[in-house]
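Hello,

Here is the structure I promised to pass on to you. Please open it alongside this message, and the notes below will walk you through what turned up.

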Amino acid sequence: MSENLESLSAVDGARVPTDQIAAAVTAGGIVYGDGATQSFDPGGATRYTEHGRETAGTWSVDEDGHFCSFWPPSYRASYDLRWVVEEGRVVGLEFSDLRSGARFDGRYQ
C-alpha cells in the first residue's frame, strides 16, 4: 500500500470522502476474498484479473461522490467506498454496490 494513506485519519467502516477516493483506489493493488485482483491507474484505467483472465475498464468519481466503474461494452456500476482499518492502519476498501446492495472487501496487496 502507498504511504499516501498513512497520513489520513480513516476510521473503520467510514465512507471514503470524495476527495480521497482517487488516493484510496490507486494506493495499491487490491485482492478480493475470492482471489481476484484489481489495479487502478491514476489516469482512470483499471484491470481486473480472475482465474488468470484479465479484463480492462475505467474508473471515475461521479458528481455525487460515488466510485464508478465501466467495463466495455456496456457494464456500469457505482459504489459507496468505505475504509477497512485494522489496528489503526488502512488495509483495504469495502465496495457497496448502489444498485444491488452487494458488499465486498478488497485488501491492499
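Glu-86 is partly exposed, with a relative accessibility of 39%. Its partner in a salt bridge is Arg-107, and the closest N and O atoms of the two are 2.8 Å apart. This pair links distant parts of the chain, since Arg-107 sits in strand S8 (residues 103–108) and Glu-86 in strand S6, 21 residues apart. Arg-107 also counts as partly exposed, at 33% relative accessibility. Please keep in mind that this is a predicted model.

How many salt bridges are there by the rule used here? The count comes to three, so here are the other two, taking the rule as a side-chain nitrogen of Lys or Arg within 4 Å of a carboxyl oxygen of Asp or Glu.

One of them joins Arg-15 to Asp-80, with 3.1 Å between the closest N and O atoms. Arg-15 lies in the segment before helix H1 (21–25) and Asp-80 belongs to strand S6 (residues 75–86), so the bridge ties together parts that are 65 residues apart in sequence. Is Asp-80 buried or exposed? Asp-80 has a relative accessibility of 17% and counts as buried, because buried means under 20%. Arg-15, by contrast, is partly exposed, with a relative accessible area of 35%.

The other salt bridge brings together the side chains of Arg-47 and Asp-41, at 3.0 Å from N to O. Both ends are partly exposed: Arg-47 has a relative accessible area of 29%, and Asp-41 comes out at 27%.

Now for the overall fold. Eight strands close into a barrel, in the order S1-S2-S3-S4-S5-S6-S7-S8, with antiparallel pairing. From one strand to the next, the twist averages 35 degrees.

Strand S2 (residues 37–40) and strand S3 (residues 45–50) run antiparallel and are joined by four bridges. Phe-40 has Thr-46 as its bridge partner in S3. The hairpin of S2 and S3 has four residues between the strands, and Gly-44 takes a positive phi there, near 105 degrees.

Moving along, S3 pairs with strand S4 (residues 53–61) over six bridges, again in the antiparallel sense. Which residue takes a positive phi in the hairpin of S3 and S4? That residue is His-51, with a phi near 55 degrees, in a hairpin that has two residues between the strands.

The next pairing is between S4 and strand S5 (residues 67–71), which run antiparallel and share four bridges. Val-61 has Phe-67 as its bridge partner in S5. In the hairpin of S4 and S5, five residues lie between the strands, and Gly-65 has a positive phi near 80 degrees.

Happy exploring, and do write back with any questions.

Best wishes

Definitions and conventions: Residues are numbered from 1 along each chain as its sequence is written. This is a predicted model: local features need pLDDT of at least 70, side-chain atom pairs count only at pLDDT 80 or more; totals for chains, interfaces and linings use all residues. Side-chain values use heavy atoms; hydrogens and water are left out. Buried means under 20% relative accessible area, exposed over 50%, partly exposed in between (1.4 Å probe, protein chains only). Two strands pair if DSSP finds at least two bridges between them. Axes are lines fitted to C-alpha atoms, for helices over the stretch in contact, and angles run from 0 to 180 degrees between N-to-C directions.
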